[in-house]
Amino acid sequence: MSKSVKKGISSVSFSLNRFYRTLTTTRPSNLILPIIAIAAAVFLFGGGLYDIIMKPLPAVYYGGRFLLLYPQLSEQFISDSIVAMTIYSLGIVGLLAIYQSTKYVYKPRQAYMMMIVGIVLLLLAYIFLEASIQIKLNG
């Protein structure tokens, strides 16, 4: 083999080795992994997997109005999933606000306000979820 071929092979080998080393030693941010886990949980709890597999209708125009929530528990529209994912996200934001309120020990007013906002968001998420289930049960 000529010198230029050996040098090219050596250069490629060195580049691949360096790429492998950076790939195996790279650590993602401490914020990225929890965000991915929360997004995956919201997607699964909201029925995203059902939407991918069953390919339901987005919504239906029936009786002079749009039905965004399917009137039975056994089926769902894509809008059902969007509503559920939005409500779950609202609850998670409330939980995060409650958690963040514990970090303001030396600012009790700010901690109290953050905790109140978190509790309100969490209660709103619960009320909206219960209301959407009642809508689905009553047709």
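**The pocket and the helix pairs**

Author: Gladly! The largest pocket holds about 260 Å³ of space. Among its 15 lining residues, Asp80, Ala84, Ser132, Ile133 and Lys136 are the closest to its centre. This is a predicted model, where local features need pLDDT of at least 70, side-chain atom pairs count only at pLDDT 80 or more, and totals for chains, interfaces and linings use all residues. Residues are numbered from 1 along each chain as its sequence is written, and side-chain values use heavy atoms, with hydrogens and water left out.

Reader: Which helices supply the lining of the largest pocket?

Author: Helix 4 and helix 5 (108-138) each give at least two residues. By class, the lining has eight nonpolar, four polar and three charged residues.

Reader: Why are helix 4 and helix 5 called roughly antiparallel?

Author: Their axes cross at roughly 160° and come within 7 Å. Angles over 145 degrees count as roughly antiparallel, and 65 to 115 as roughly perpendicular, under 35 as roughly parallel, the rest as oblique. Helix 4 and helix 5 are therefore roughly antiparallel to each other.

Reader: What is the class make-up of the contact of helix 4 with helix 5?

Author: That contact has 17 nonpolar, five polar and two charged residues. Contact means heavy atoms within 4.5 Å. Residues that meet include Tyr88, Leu95 and Ile98 in helix 4, and Met115, Leu122 and Phe128 in helix 5.

Reader: What makes helix 2 and helix 4 oblique?

Author: Helix 2 (residues 32-45) and helix 4 (residues 78-101) pack at an angle of about 140°, with axes 9 Å apart. By the cut-offs above, helix 2 and helix 4 are therefore oblique to each other.

Reader: Which residues meet there, in helix 2 and helix 4?

Author: Ile38, Val42, Phe43 and Phe45 in helix 2 meet Met85, Tyr88, Ser89 and Ile92 in helix 4. Seven of these contact residues are nonpolar, one is polar and none is charged.

How values were computed
Axes are lines fitted to C-alpha atoms, for helices over the stretch in contact, and angles run from 0 to 180 degrees between N-to-C directions. Helices (H or I, at least four residues) and strands (E, at least two) are DSSP runs, numbered from the N terminus. Ala, Val, Leu, Ile, Met, Phe, Trp, Tyr, Cys and Pro count as nonpolar, Asp, Glu, Lys and Arg as charged, and the others, Gly among them, as polar. On a 1 Å grid over the protein atoms alone, a cavity is a set of points where a 1.4 Å probe fits but cannot get out, and a pocket is an open set with protein on both sides within 12 Å along at least five of seven lines; lining residues have an atom within 4 Å of a point. Grid points are joined across faces, edges and corners, and a volume is the space filled by probe spheres set on the points.
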